[in-house]
Amino acid sequence: MSELKPMSDQAPESRDRRRFVGAAAATAAGLAIAPGVMLVEVAHGRPEDQAASSAVRWGMLVDATKCATGCNDCVTACSTENGWTPVTESKHPKQAPQWIRKLELQDPLTQMETNLPMMCQHCAEPPCVDVCPTGASFKRADGIVLVNRHTCIGCRYCMMACPYKARSLVHEPLNDTQKPDVPRGIGCVESCTLCVQKVDRGDGNTACAEACTAAGHDALLFGDMNDPESEISKRLRELPTKQVRADLNLNLGIRYHGI
Amino acid sequence: MAGKTKGLLALGVVVLTTAVLAWAGSESKPKAGGAPKPVIQKAVKGEQCVEDTDYMRRNHMVVLDVHRDKVVIEGIRTKKHSLKECINCHASETTGSVAAAKDDFCVSCHSFASVKIDCFDCHSTKPQGSMAMHPLNAETAHYKHKLAAQATSKVSAEEMAGVAQ
């Protein structure tokens, strides 16, 4: 409340500023495409001509206590968004890509069951980047670990190096079944991109987290871990969370609660 | 007598050969030989390419190469030199793709020049959603009527739902 007071004192000035910003955005949008159409895009994500910034670190909080047994919605949403064939529909299940997978664990002593999704952990110090001979495996400025398919030679060193088995190789030609926003193809390694196409579009959420919220579980929370005011930062401050294989000191972008 | 028959036969052979040659000649159109010239379809939408047409013919690969590194590595997703936008404009009206049939925009020239395209091992050859539609792109809005006209044959009901929005 003490912080709200000075804000209200400055209200007239800030309103003026807002009007000015709104007008500027509208002008820019009018130049770019058409009034009203671009406004939505301008309002949310970063401008399209601006590079991803290291001021941001995208990450996700997985609340395993809310992750439901038998629910596979995050996996389905990911395969729909990114255009990969789910394991169950694949002709070669052992080779099928798995950008995200559901794990059901049981403590052998207490019989306690834990559900959690496992995917690329978007390490700050990614082993896959260390081992890549061509520099195709890289970490983007905003913390998203990606494969540059233009330089990937499909050697699969990164698959070996990843402690989370998060990566897969595309073994078969995809015959133009890719999504226009998500290029992927034979002979290249791939993994979770934290829906980089959605992040760059300014959606501010991933397909899996959207699906989890839609299913009413709210077990996945995506956000900027560098912004102390973001929902994910607030929750990370409150909840006890763990990194999987924390002993490896990789500083993960995916944090788990309740494991 | 025998000589006359031989003469007639020879004449017949000559006439037949000429006829066959003439017929064959009329069939294969480019008499000069070589590969058939590329069919360059005009872009479905837009008046002018993002760069000069002559420049693009020679240098589109350089333009795309520079852009792809900016997109993938830095996350700069400007539309101007994006392959997705190329496809949005140049996808054929019949196949809805830039590389599905031999007369489609990319394939047509590339097969003539005998240069393999690797782009479409990974990239989709079709625009997002339906034919040349980009839901947030006002530049494509005036093609709605074109899509509506094709609705019976080429655009499915599902795609039309996208257009109507």
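1. Let's begin with helix H3 (residues 83–90) of chain B. Its buried residues are B:Leu83, B:Cys86, B:Ile87, B:Asn88, B:Cys89 and B:His90. Here, a residue is buried if 20 or more other C-beta atoms lie within 10 Å of its own, exposed if 12 or fewer, and partly exposed in between, with C-beta atoms placed from the backbone. Six of the eight residues of H3(B) are buried, so this helix is largely enclosed by the rest of the structure. Its cover includes helix H2 (53–74), helix H4 (105–113) and helix H5 (119–122) of chain B. Helices (H or I, at least four residues) and strands (E, at least two) are DSSP runs, numbered from the N terminus.

2. A word on what you are looking at: this is a predicted model, in which local features need pLDDT of at least 70, side-chain atom pairs count only at pLDDT 80 or more, and totals for chains, interfaces and linings use all residues. Residues are numbered from 1 along each chain as its sequence is written, while chains are lettered from A and ligands numbered from 1 in the order in which they are written.

3. How many helices and strands does chain B have? It has seven helices and zero strands, giving the pattern α-α-α-α-α-α-α along the sequence. Of its 165 residues, 22% count as buried. Two residues are in contact if their C-beta atoms, placed from the backbone, lie within 7 Å. Among contacts in chain B between residues at least 6 apart in sequence, 52% join residues at least 24 apart.

4. Is B:Ser97 buried or exposed? It counts as buried because it has 22 C-beta neighbours inside 10 Å. Not counting residues up to four places away in sequence, B:Ser97 touches B:Ala91, B:Ser92, B:Asp104, B:Thr125 and B:Lys126. The C-alpha atoms of B:Ser97 and B:Ser124 are separated by 8.7 Å, with the two residues 27 apart along the chain.

5. Now turn to chain A, where four strands form an open sheet in the order S8-S1-S10-S9, with mixed pairing. At its edges are strand S8 (220–224) and strand S9 (241–242) of chain A, each pairing on one side only. Two strands pair if DSSP finds at least two bridges between them. S9(A) meets strand S10 (residues 254–257) of chain A in the antiparallel sense over two bridges, and A:Lys242 stands opposite A:Tyr256 in S10(A). Helix H9 (residues 231–238) of chain A packs on this sheet, touching S1, S8, S9 and S10 of chain A, and its direction makes about 115° with that of S8(A). Axes are lines fitted to C-alpha atoms, for helices over the stretch in contact, and angles run from 0 to 180 degrees between N-to-C directions. Helix H8 (residues 207–214) of chain A lies across strand S1 (58–63) and S8 of chain A, running at about 135° to S8(A).

6. The loop between S9 and S10 of chain A holds A:Arg245 and A:Asn249. Neither is a glycine, yet A:Arg245 has a positive phi of about 50° and A:Asn249 one of about 60°. A:Arg245 counts as exposed because it has 12 C-beta neighbours inside 10 Å; A:Asn249 counts as exposed with 11.

7. Elsewhere in chain A, strand S2 (residues 100–106) and strand S3 (residues 113–119) run antiparallel, joined by seven bridges. They form a hairpin with six residues between them, and A:Gln111 in the turn has a positive phi of about 65°. One bridge pairs A:Leu103 with A:Leu116 in S3(A).

8. The largest nonpolar core has 49 residues; among those with the most contacts inside it are A:Met60, A:Val62, A:Cys208 and A:Leu220. A nonpolar core is a set of buried Ala, Val, Leu, Ile, Met, Phe, Trp, Tyr and Cys residues joined through C-beta atoms within 7 Å. H8(A) gives the largest share of this core, five residues. Leaving aside neighbours within four places in sequence, A:Leu220 is in contact with A:Met60, A:Val62, A:Cys74, A:Cys208, A:Ala209 and A:Cys212.
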